[in-house]
Amino acid sequence: FLFILFSMSQDEGVDSDDDDTSLSSYGSDLSSRKGYSANLSVFLPLPHKRTGSLLSVYSDAGDFGNVEVQGSVEFAVMYSPVGELIIMIEQCQDLAIADPRKQRTDPYVKTYLYPDKSRRSKRKTSIKKRTANPVYVESLRYKVKREELPDKTLNLSVWHNDSRGRNVFLGQVEISFKTWDWGHEPLTWYNLQPKVHCLKCFFKMCYLISGGSKNSTGEIHVWLREAKELRCLKPQGVDSFVKCYILPDTRKKSRQKTRIVKKTQDPVYNHAMVYDGFKTGEVSEACCELTVWDHNTLANQFLGGLRLSLGTGQSYGKKVDWLDSMDEEIQIWKRMLANPNSWVEGELPLRSSMTPRK
């Protein structure tokens, strides 16, 4: 769970763990904005109102394993002229060993087209015996109208098939079609992600406006309170921190980070961030991106994230892949815009994977 406080005076967001300086995207001049942050010595009171969770379907019979997710899956997504969504499953690599006693993995791939989580939405590949590197070259198909796809999300998961029905979850990938590039049809590798049913984010947001004129500017205030039940990727525990951008500004100097909280899956950040200089209407074009990372000397590991925006897929009239907010994320942003100078609360699950910013 990640507890966050936002106060809106307008500013930036976060995306990947790339520290390279990048130019601001198109639109208004976000480069003129300033941001600053500080640790808080006390908690602001957070009411206990909660929104619904984004859940995943893991198995019809349940997950009977407890393996550490590893490996990747190669597949392609395309839409055919006959009105079918086609998921071409090519292969997997370096899957976890599902049965340590027998040193055996019998993997298959399963998909759902959310929000339909019923059996009619389920598709499966064949089962490959005794291999952690299965090759399928199989297509899974859905009869669906093209105009309905922006409201759907592909859930693709890999499972070990057990002869007694005690199947073991090996990892998953989720892709939102809200801003999917349908010109991208080649086979692509995706890292498998663990389940995300326990990571949530509790936060407040507030859009602060100074003055009442047309040229008035506002600020976004973000309070990162704490996180709970983060994934533990190494034996010594989680050394986590949170990064924040307000997109489309992706420059290094616009990024803000919390301190690193060491050796705990329940870190308390108690950290405030402020972004200023937002003109009227600019917040509707922006996205607050928060990502949680496990600090490592060689490379930080992504643990989860959020994108809070209107989710239109367009910023300043141009299509962007980072305005892909889900329903609950969109509702929080709308409530914040509709209630300037007032705190807005919410509870959201962290995403296990996020579309890279282009």
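**Close-ups of a predicted model**

**View 1. Strands β3 and β4 side by side.** Strand β3 (residues 72–79) runs antiparallel to strand β4 (residues 84–93), and eight bridges link the pair. Strands here are DSSP runs (E, at least two residues), helices are runs of H or I with at least four, and both are numbered from the N terminus; two strands pair if DSSP finds at least two bridges between them. Look for valine 73, whose bridge partner in β4 is cysteine 92. This is a predicted model, so to speak: local features need pLDDT of at least 70 and side-chain atom pairs count only at pLDDT 80 or more, while totals for chains, interfaces and linings use all residues. Residues are numbered from 1 along each chain as its sequence is written, and side-chain values use heavy atoms, with hydrogens and water left out.

View 2. Four strands line up in the order β7-β4-β3-β10, with antiparallel pairing. At the edges sit β7 (135–143) and β10 (188–191), each pairing on one side only. From one strand to the next, the twist averages 30° (axes are lines fitted to C-alpha atoms, and angles run from 0 to 180 degrees between N-to-C directions).

**View 3. Strand β13, covered on both faces.** Eight of the eight residues in β13 (residues 240–247) are buried, meaning under 20% relative accessible area with a 1.4 Å probe and protein chains only (exposed is over 50%, partly exposed in between). One side carries Ser240, Val242, Cys244 and Ile246, the other Phe241, Lys243, Tyr245 and Leu247. β13 pairs antiparallel with β16 (residues 287–294) over eight bridges, and phenylalanine 241 stands opposite tryptophan 293 there. With β14 (residues 256–257), β13 makes an antiparallel pairing of two bridges; here lysine 243 faces lysine 257.

**View 4. Helix α1.** The 12 residues of α1 (residues 327–338) reach 16 Å from first C-alpha to last, close to the 16 Å expected at 1.5 Å a residue (that is, 1.5 Å times one less than the number of residues). Glu328, Glu329, Ile330, Ile332, Trp333 and Met336 are buried in this helix.

**View 5. The second largest pocket.** Its volume is about 310 Å³. Of its 16 lining residues, Asp99, Lys102, His160, Asp162 and Arg164 are the closest to the centre. The lining splits into four nonpolar, three polar and nine charged residues.

Definitions and conventions
1 Å grid on protein atoms, 1.4 Å probe; cavity = no way out; pocket = protein on both sides within 12 Å on 5 of 7 lines; lining within 4 Å. Points joined across faces, edges and corners; volume = space filled by probe spheres on them. Nonpolar A, V, L, I, M, F, W, Y, C, P; charged D, E, K, R; others polar.
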